[in-house]
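Here is a short report on one protein chain. Read it with the model open.

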Amino acid sequence: MDAWAVELQRWPMLAAFAFGEASNILSVLVLARPRLRKNTCSLYLLGASISNAICIFVGLLYFIIASGFGFSFLSASRGLCKFIPFMYYSTLFLASWFILLACIDRYCSTHSKATIRRFSHIDAAKWFLILLPCFSLISHIHIFVYIDWIQISLCSFTSFNYILFFYFYYVIFYALMTPLLYIIVAGLTILNVRRIKKAVAVVVKRNRGFIKTHQRQKTLNAQLLRMLIVQVLSFVILTMPLAAWNIYIGFTYYRPKSATTRSLEALISVNFGFLNFINSGSACVVYAATSHVFREELMALLRCCWFRKTIVREHQHHVFFIAPRIAPL
């Protein structure tokens, strides 16, 4: 079992790293395109993708090198001993908070009261993109204080009480409270959408022309809501096993266990950790599977624009008998 755990920490994790980084980078590039970046929900999803990209690069890459190949950056430098855990947990929590803000934004945008709908505004989203990362970095500054070398080249928590605090902090605020808030806000948003559909049915019959002018934006909002709901479901499904496992480990940490039991627990822990990293790197797949607009923008991004412009200009030169150029201007 120990050999299986080591192999899982190498090549499957390395594949998850490459997949996750590519997925988040593509998500950032697509969500930053003009068609999507004007929407508040897209900006929050953009912030989550950037956070996940940093989280995977800092956390998963270190995990692969340390656990799979036996080299620890934390033991090589006292500064990295503090910096890597600090950045990993700051961006891990930050990504989940951006998803929560996207849920709240969809709830506000679908509310019947105009005063609540005002919270779903592009200016507010831009401010949150700046302020929330600052808040996450400040709120995790305690990691800098309580993680250090306890002896030369040995990085760990410096206080047992802090270990207990951090364990409950992670389980309660990230693994339990965050999915619960996702589910509550998403449920309220779905209820808002149903109320709006009933209320708008009469208005559509009376004034079809006005509704048609806003059909494109309504379609985009509906697809963003679907993207968000699937993202929430994937978060719950992929992170809850590790949360439940951490609770089990916490309660049985001081119980005597055989070598076979510890090996089995290590293998299960690696598998659940793998699911957790998949959650951080699955954004592009989830968005592309649930949104036609995202797929269109992704294909436009991947399409070779230079080649397409070259073909068009060569065709124009041929039609008007202009000598073809070597390359487009």
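Helices (H or I, at least four residues) and strands (E, at least two) are DSSP runs, numbered from the N terminus. On that basis the secondary structure of the protein comes to 16 helices and 2 strands.

This is a predicted model: local features need pLDDT of at least 70, side-chain atom pairs count only at pLDDT 80 or more, and totals for chains, interfaces and linings use all residues. Residues are numbered from 1 along each chain as its sequence is written, and side-chain values use heavy atoms, with hydrogens and water left out.

## Overall packing

Accessible areas come from the Shrake-Rupley method with a 1.4 Å probe; for residues, only the protein chains shown count as cover. The protein exposes about 18,600 Å². Carbon and sulfur atoms supply 71% of that area. Buried means under 20% relative accessible area, exposed means over 50%, and partly exposed lies in between (1.4 Å probe, protein chains only). Of the 329 residues, 40% count as buried.

Contact means heavy atoms within 4.5 Å. Among contacts between residues at least 6 apart in sequence, 79% join residues at least 24 apart.

## Buried sites

Which helix is largely enclosed by the rest of the structure? It is H14 (residues 283-290), because 6 of its 8 residues are buried. They are Ala283, Cys284, Val286, Tyr287, Ala288 and Thr290.

Ser136 belongs to helix H8 (residues 122-139). Its relative accessible area is 1%, so Ser136 is buried. Leaving out residues up to four places away in sequence, Ser136 touches Ser90, Leu94 and Trp97.

Asn52 sits in helix H4 (residues 40-69). It counts as buried, at 12% relative accessibility. Beyond its neighbours within four places in sequence, Asn52 is in contact with Glu21, Asn24, Ala95 and Ser280. Asn52 and Tyr88 are 36 residues apart in sequence, and their C-alpha atoms are 9.4 Å apart in space.

## Salt bridges

A salt bridge is a side-chain nitrogen of Lys or Arg within 4 Å of a carboxyl oxygen of Asp or Glu. By this rule the count comes to 6 salt bridges. The table gives three of these pairs.

| Pair | N to O distance |
|---|---|
| Glu296 and Arg35 | 2.8 Å |
| Asp148 and Arg78 | 2.8 Å |
| Arg106 and Asp105 | 2.8 Å |

Glu296 forms a salt bridge with Arg35. Glu296 lies in helix H15 (residues 292-302) and Arg35 in helix H3 (residues 34-37), so the pair ties together parts that are 261 residues apart in sequence. Glu296 is partly exposed, at 32% relative accessibility. Arg35 is partly exposed too, with a relative accessible area of 31%.

Asp148 and Arg78 meet through their side chains. This pair links distant parts of the chain: Asp148 is in strand E1 (residues 147-151) and Arg78 in helix H6 (residues 78-109), 70 residues apart. Asp148 counts as buried, at 10% relative accessibility. Arg78 counts as partly exposed, at 48%.

Helix H6 also holds Gly79. Gly79 is partly exposed, at 45% relative accessibility. Gly79 and Trp149 are 70 residues apart in sequence and 9.5 Å apart in space, C-alpha to C-alpha.

Elsewhere, salt bridges that share partners join Arg33, Arg35, Glu296 and Glu297 into one network.

## Surface patches

Patches are made of residues with over 30% relative accessible area and no salt bridge; like charges are joined within 9 Å, and nonpolar side chains (Val, Leu, Ile, Met, Phe, Trp, Tyr) within 5 Å. Lys and Arg count as positive and Asp and Glu as negative, while His and the chain ends are not counted. The place of a charge is taken as NZ of Lys, CZ of Arg, CG of Asp or CD of Glu.

Arg194, Arg195, Lys197 and Lys198 gather in a patch of positive charge on the surface. Arg195 is found in helix H10 (residues 160-206). At 55% relative accessibility, Arg195 is exposed.

A nonpolar surface patch covers about 1,000 Å². Its members include Phe160, Ile163, Leu164, Phe168, Ile172 and Leu191. Ile163 has its place in helix H10. It is partly exposed, at 32% relative accessible area.
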